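User: I have a structure to go through and would like to work along the chain in short questions. Can you put it up?

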Amino acid sequence: MEVVTRMVADRPVVIFSRSTCCMSHTIKTLIGGFGANPTVYELDEIQNGQQVERALQQLGCKPSVPAVFIGQQLIGGPNQVMTLQVKNQLVPLLIRAGAIWI
């Protein structure tokens, strides 16, 4: 889990993704649509991707991707992100994390 902590440190938004995952693409598009520039780690393209995926599962991410961290806090997967969006809570969270300015 330490590997994930290091990867999200000092970054307002981090998305752990897989390049072939349609839900990962959807979440990246949603967050990017607000003007945020998330750090994206494609687990199928980085050297320690399987280790990171196991760490995400230990943190409770099921499925493991997409996994979204905002302000170094685990938000969760697509269901949690979409729930925040529907409740109009995603943008304020991005603003507080310094990912976007309005």
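Predicted model: local features only at pLDDT ≥ 70, side-chain atom pairs only at ≥ 80, totals over all residues.

User: Is Glu53 buried or exposed, and why?
Analyst: Glu53 counts as buried because its relative accessible area is 18%, and the cut-off for buried is under 20%. Arg18, at 25%, is partly exposed.

User: How many salt bridges are there by this rule?
Analyst: Three. Another one joins Lys28 and Glu42, at 2.7 Å from N to O. That pair also links distant parts of the chain: Lys28 sits in helix α2 and Glu42 in strand β2 (residues 39-42), 14 residues apart. Glu42 is buried, with a relative accessible area of 14%.

User: Which side chains meet in a salt bridge at 3.0 Å, N to O?
Analyst: Those of Arg6 and Glu2. Both residues are in helix α1 (residues 2-8), and because they are four residues apart, about one helical turn separates them.

User: Switching to α2. How far apart are its end C-alpha atoms?
Analyst: They are 16 Å apart. The 12 residues of α2, at 1.5 Å a residue, should span 16 Å, which agrees.

User: Which residues in α2 are buried?
Analyst: Ser24, Ile27, Leu30 and Ile31. They cover an arc of only 130 degrees around the axis, which puts them on the same side of α2.

User: What do they pack against?
Analyst: The buried residues of α2 pack against β1, β3, α4 (78-86) and α5 (90-96).

User: And what does the face turned away from the buried side carry?
Analyst: That face of α2 carries the exposed residues Cys22, His25 and Gly33.

User: Back to Ser24. What does Ser24 touch, not counting residues up to four places away in sequence?
Analyst: Ser17, Arg18, Val65 and Pro66. Arg18 is also the salt-bridge partner of Glu53. Ser24 has 0% relative accessibility and so counts as buried.

User: What about the backbone just after the helices? Which residue takes a positive phi just after α2?
Analyst: Gly35, at about 100 degrees. Just after α3, Gly60 takes a positive phi of about 105 degrees.

User: Now the strands. Where is Val14, and is Val14 buried or exposed?
Analyst: Val14 is in strand β1. The residue is buried, with a relative accessible area of 0%.

User: Which residues does Val14 touch, leaving out those up to four places away in sequence?
Analyst: Met7, Val8, Thr39, Tyr41, Ala67, Val68 and Phe69.

User: How far apart are Val14 and Asn37?
Analyst: Their C-alpha atoms are 9.1 Å apart in space, and the two residues are 23 apart in sequence.

User: Last topic, the surface. Which residues form a nonpolar patch there?
Analyst: Met1, Leu59 and Leu74, with about 240 Å² of accessible area together.

User: Where is Leu59 found?
Analyst: In the loop between α3 (49-58) and β3 (67-70). Leu59 counts as partly exposed, because its relative accessibility is 34%.

Technical notes. Residues numbered from 1 in each chain as written. Heavy atoms only, no water. Patch = residues over 30% accessible without salt bridge, like charges linked within 9 Å, V, L, I, M, F, W, Y side chains within 5 Å. Areas by Shrake-Rupley, 256 points an atom, 1.4 Å probe, with all protein chains shown as cover. Salt bridge = Lys/Arg side-chain N within 4 Å of Asp/Glu carboxyl O. Helix = DSSP H or I, 4+ residues; strand = E, 2+ residues; numbered from the N terminus. Buried < 20%, exposed > 50% of the residue type's maximum accessible area, 1.4 Å probe, protein only. Expected span 1.5 Å × (residues − 1). Arc of directions from axis to C-beta. Contact = heavy atoms within 4.5 Å.
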